[in-house]
Amino acid sequence: MDARPRASSPDDLAQRVRGIEPSGIRQIFELMAAMRDPINLSIGQPHYDPPPELVEAACRAMRAGKNKYTMTQGLAELNAHVLDAVERRHGRRPETCQLTTGVSGGLLLTFLCLLDPDDEILIPDPGFMTYRHLASLCSGKVRFYDIYPRSPGGRFVIDLAEIERLCSPRTKIVFVNSPSNPTGAVHTRAEIEGLCRLANRCGAYVVSDEIYDSFCYVDDYASPVTYADRCIQLGGFGKSFGIPGWRLGYATGPAAVLDAMKTLQQFSYVCAPAPFQYALLDVLDKVDLRPRFAEYRHKRDLIAGSLHPAYELPAPEGSFYAFPRLPRNARGGHAGGGEFLQAALQKKLLVVPGKSFSARDTHFRLSFAAADETLRKGLAVLAELAEHFG
Ligand code: PMP
């Protein structure tokens, strides 16, 4: 008899995970690890450290023994704080709230609780890649709506006629992400209200990922919370406070769904990290993050001003991403994503290919969550690349 232990093989994997590919962004992390002094504009997290008071509060919480589980839904005071803030900003108080392990935790719980096999979910293209993978994992049928600009350099938009065409009695979720990763779009009130009206008409939930809602460079920010009959709103503290590794997110919405999400959280993540919940509660009303957001508005101005007109891009309206079109080449077409990325890499510039977020390979994402000096270096390389391809 062969005494050797049997080796594992990819064939052992459950069907549900076989189609899932590693994120393009992870591959960039690996490239970066092998590079000296890269100009890294691929990063999806703020470049700043959390407020020192918050770090101190976390240390205090741990020393004070706040290291046990919290209630599944998180500290009651934090839930109330979120609901108060949402009501103040959007004029409607969601029925209930729960803290999640980052927005990623909230996304998975939402899809698990709402999607039956073959239920349809409408997702923006381009959009954050996690949506389509998690929706498929939960047996949802993904249908994309196209938010690319309708004219060169135009805004990324929600085309309500397309949403109307796609909405049907099989549509369970219409998904929105504003401010958007990767496009930097903040969808207008008319777009959000119109989309919600259509979702209401076909009986679908609107699931709204608002993780970047603090990074908003337009005056009017509209959330589906205001307009959707049935809305699950997902938000978080990771990006705004500079603590993405602390894994603190939240979900708000009707108790009928959130109660099931809470039960699933009990059986999976259990609760968001306890000492960090206490720390957040301690400083929420004491720290002012507005200077940080003003700094990012300045970075937005810097990149939008410098890239235009060599690159087609609308000025980002929110988040910390821009999604320019690949430059035109001498033949009157556009550079291919692969050749552009390679040329950028040779100059040590890391950006993310548009095809990581889309069925199309016509754009690239750059993050302006970086020091001004890094941004200036990256912009200089991008100017050279536009010349090179033009
Ligand atoms: N949604 C979007 C649009 C994101 O960009 C990210 C993270 N990059 C997430 C959700 C996940 O956030 P978290 O780290 O809170 O899980």
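Reply: The largest cavity in this predicted model has a volume of about 50 Å³. Its lining is made up of P124, P126, G127, Y145, I147, I158, N177, S180, N181 and H187. Sorted by type, the residues of that lining come out as five nonpolar, five polar and no charged.

The structure holds two cavities of 30 Å³ or more. The second largest cavity has a volume of about 30 Å³. Around the second largest cavity stand R155, F156, T183, G184, A185, P314, A315, P316 and E317. This lining divides into five nonpolar, two polar and two charged residues.

D213 sits in the loop between β6 (205–209) and β7 (231–236). Its relative accessibility is 11%, under the 20% cut-off, so D213 counts as buried. Leaving aside residues up to four places away in sequence, D213 touches R89, P179, Y221 and Y250. Between D213 and V186 there are 9.1 Å in space, C-alpha to C-alpha, and the two are 27 residues apart in sequence.

Helix α13 (residues 372–389) has 18 residues and spans 25 Å from its first C-alpha to its last, close to the expected 26 Å. Buried in α13 are L375, G378, L379, V381, L382, L385, A386 and F389. These residues cover an arc of only 165° around the axis, so they lie on the same side of α13. The buried residues of α13 pack against several elements, including α11 (290–307) and α12 (337–346). On the other side of α13, E373, E387 and H388 are exposed.

Key. Residues are numbered from 1 along each chain as its sequence is written. This is a predicted model: local features need pLDDT of at least 70, side-chain atom pairs count only at pLDDT 80 or more; totals for chains, interfaces and linings use all residues. Side-chain values use heavy atoms; hydrogens and water are left out. Helices (H or I, at least four residues) and strands (E, at least two) are DSSP runs, numbered from the N terminus. The expected span of a helix is 1.5 Å times one less than its number of residues. Buried means under 20% relative accessible area, exposed over 50%, partly exposed in between (1.4 Å probe, protein chains only). The arc is that of the directions from the helix axis to the C-beta atoms. Contact means heavy atoms within 4.5 Å. On a 1 Å grid over the protein atoms alone, a cavity is a set of points where a 1.4 Å probe fits but cannot get out, and a pocket is an open set with protein on both sides within 12 Å along at least five of seven lines; lining residues have an atom within 4 Å of a point. Grid points are joined across faces, edges and corners, and a volume is the space filled by probe spheres set on the points. Ala, Val, Leu, Ile, Met, Phe, Trp, Tyr, Cys and Pro count as nonpolar, Asp, Glu, Lys and Arg as charged, and the others, Gly among them, as polar.
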